[in-house]
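This report walks through a single structure, from one of its helices to the sheet, the nonpolar cores and the salt bridges. The sequence and the model are shown first.

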Amino acid sequence: MKDKIEAYAKRLKLSWIREHFHEVEAENHQEYLLKLFEQEVQNREERKINLLLNQAQLPKTGNQPFQWEHIQIPQGISREEILEGHFIHQKENLILYGGVGTGKTYLATLLSLNAIHSFGSKVKFFTVASLANKLIEANQKGSLPKLMKQIEKLDLLVLDELGYIPLHKEGAELVFQVISMCYETKSLVITTNLQFGQWNHVFGDPILTEAVIDRLIHHSHLLVFNGESFRYKESLLQQ
């Protein structure tokens, strides 16, 4: 009997039930079935979240609460809507602008985690330089269409550290292709230490830079981080 139950559960892909059905206690058949299904659903949700987290490749963060005091939030969006991912459902973008170490990457990671846990959103995190390198490599290997399809399936694409490293011509053009593909179909979160007028230092071509900015700022919210570097303050406290 036990072997048959395990076999049927395996065929139906009920992994938790297959392994634990004999451990469940209940007062009647209906309660027993309910407990089985509840645990199976919970197990599947946990596996789904873990898979999404692995695919997202988010940076590790601490447990400290996010500090909003030095961030200018524009009209049209609130803290809650940022953290709860309302802009993702609206296919809007966030541009997080400010100095090094002011919390831009932390906020991008935090809202990504919330989107995964709350809505099962498909998220992917890249630095701009790493995305450019990955696109160039895929293009050279002939696997660029496959990579673009993977990005196309995302709900949220996070591009971190725009402005730290200038892009080569091929990388800049491929990153532009990604941004164009995401336009009005999914959300982008960009972190940058450069004002828009300086983005040409990254993309290297005024026309391409203008096209990138044009697609990003439409349906976007600009958050300005005015605080000092958290990492610098922490290092001072440890001295």
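## Helix 6

In this predicted model, helix 6 covers residues 104-119, and its 16 residues reach 22 Å from the first C-alpha to the last, close to the 22 Å expected at 1.5 Å a residue. The residues of helix 6 that are buried are Lys104, Tyr106, Leu107, Ala108, Thr109, Leu111, Ser112, Ala115 and Ile116. Just after the helix, Gly120 adopts a positive phi of about 65°.

Six strands make up an open sheet with mixed pairing, and their order is 1-6-2-5-4-3. Its edges are strand 1 (71-72) and strand 3 (123-127), each of which pairs on one side only. Helix 7 (residues 128-141) packs on this sheet, where it touches strand 3 and strand 4 (156-162), and the direction of helix 7 makes about 100° with that of strand 3.

Strand 2 (residues 93-98) runs parallel to its partner, strand 5 (residues 187-192), and the two are joined over four bridges. Within strand 5, Ile190 is the residue that stands opposite Ile95.

## Nonpolar cores

The largest nonpolar core has 35 residues, of which Leu135, Leu157, Leu159, Trp199 and Phe203 touch the most other members. Two or more residues each come from helix 7, helix 8 (144-152), strand 4, helix 9 (169-182), strand 5, helix 10 (200-203) and helix 11 (206-217); helix 9 gives the most, with seven residues.

Setting aside neighbours within four places in sequence, Trp199 is in contact with Leu162, Ile190, Thr192, Leu194, Thr209, Val212, Ile213 and Leu216. A second, separate core holds 26 residues, including Ile49, Leu52, Leu94 and Leu111, and Leu111 is also among the buried residues of helix 6.

## Salt bridges

The model contains four salt bridges. One of them joins the side chains of Arg44 and Glu40 at 3.4 Å, N to O, and both residues lie in helix 3 (residues 29-56), four residues apart, or about one turn of the helix. Arg44 counts as partly exposed because its relative accessibility is 38%, whereas Glu40, at 3%, counts as buried.

In helix 7, Glu137 and Lys141 are separated by about one helical turn, because they are four residues apart, and their side chains meet in a salt bridge at 2.9 Å, N to O. Glu137 is partly exposed at 41% relative accessible area, while Lys141, at 63%, counts as exposed. A further salt bridge links Glu173 with Lys169, whose closest N and O atoms are 2.5 Å apart; these two residues are four apart in helix 9. Here Glu173 is partly exposed, with a relative accessible area of 34%, and Lys169 is exposed at 62%.

Definitions and conventions. Residues numbered from 1 in each chain as written. Predicted model: local features only at pLDDT ≥ 70, side-chain atom pairs only at ≥ 80, totals over all residues. Heavy atoms only, no water. Expected span 1.5 Å × (residues − 1). Buried < 20%, exposed > 50% of the residue type's maximum accessible area, 1.4 Å probe, protein only. Pairing = 2+ DSSP bridges. Contact = heavy atoms within 4.5 Å. Axes fitted to C-alpha atoms, helices over the stretch in contact; angles between N-to-C directions. Core = buried A, V, L, I, M, F, W, Y, C linked by side-chain atoms within 4.5 Å.
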